[in-house]
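Good morning, and thank you for coming. I shall begin with the overall fold and then turn to individual residues. Please look at the display as we proceed.

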Amino acid sequence: MTSSTVTPTLLDDLTRTATHDGIEKAVVGAVITDPHGRVLLLHRPAGDYLGGLWELPSGGVEPGESLIEALRREVAEETGLTVTEVGNYLGHFDYLSGSGRRTRQYNFTTTVTGQTVQLSEHDAHQWADDAQQTQVSSAVQAILGTWRKTAA
């Protein structure tokens, strides 16, 4: 992995811009890859908000928590994997949460330890190759496109 593009200044700028843009909730997403270059995707249960969607491991930032702290916590909670390195910032996208709040998801490359994915909130996972990555939303597809460019 190349050196990280994530700096304290970048994180401060992201937070400040979100406040200026009227974002009410921050979410972090992780692009986690295996040795074969496949990306970990999680499947939302049918009865859940956006049920049936394949997505990156992601979740909300708690009050007083930094984006990186939230990223480490959410990956551990949703997958049982431990983030050992945060690589590059891949961009963000905005959406309305299930409660109607303006939400911004910040996405980062990560390196993890752990061999077995242990799901807590999702009903399935897959290590998706390029063709399988089309199952995600167009916003996540754009993030994965950025990831492919930075990984090349």
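What pattern does the protein follow when it is read along the sequence? The pattern is α-β-β-β-β-α-β-β-β-α. In total, the protein has three helices and seven strands. Both kinds of element are DSSP runs numbered from the N terminus, with helices being H or I runs of at least four residues and strands being E runs of at least two.

A word on the source: this is a predicted model, in which local features need pLDDT of at least 70 and side-chain atom pairs count only at pLDDT 80 or more, while totals for chains, interfaces and linings use all residues. Residues are numbered from 1 along each chain as its sequence is written, and side-chain values use heavy atoms, with hydrogens and water left out.

Let us consider the overall form. Along the principal axes, the C-alpha atoms fill a box of roughly 40 × 40 × 25 Å.

Of the 152 residues, 41% count as buried. Here buried means under 20% relative accessible area, exposed means over 50%, and partly exposed lies in between, with a 1.4 Å probe and protein chains only. Among contacts with a separation of 6 or more, 69% join residues 24 or more positions apart; a contact means heavy atoms within 4.5 Å.

We come now to the helix α3, residues 138–151. Why does its length agree with expectation? At 1.5 Å a residue, its 14 residues should span 20 Å, and its end C-alpha atoms are 20 Å apart. The expected span is 1.5 Å times one less than the number of residues.

Which residues of α3 are buried? They are V140, I143, L144, G145 and W147. In general, an α-helix has 3.6 residues a turn, so residues three or four places apart point the same way. The buried residues of α3 pack against β1 (25–32), β2 (39–43), β5 (82–96) and β6 (102–113).

Take V140 as one example from α3. Its relative accessibility is 4%, so V140 counts as buried. Beyond the residues up to four places away in sequence, V140 touches L56 and F93. The C-alpha atoms of V140 and W54 are separated by 9.5 Å, although the two are 86 residues apart along the chain.

In the helix α1 (residues 8–20) we find L10. Is L10 buried or partly exposed? At 21% relative accessibility, L10 counts as partly exposed. Leaving aside neighbours within four places in sequence, L10 is in contact with T5 and Y89.

Next is S58, in strand β4 (residues 58–60). S58 has 10% relative accessibility and therefore counts as buried. Not counting residues up to four places away, S58 touches V27, V28, G29, E74, E78 and Q105.

Finally, R101 lies in the loop between β5 and β6. With 37% relative accessibility, R101 counts as partly exposed. Its contacts, apart from neighbours within four places in sequence, are E24, K25, Y95 and L96. R101 and I23 are 78 residues apart in sequence, yet 7.9 Å apart in space, C-alpha to C-alpha.
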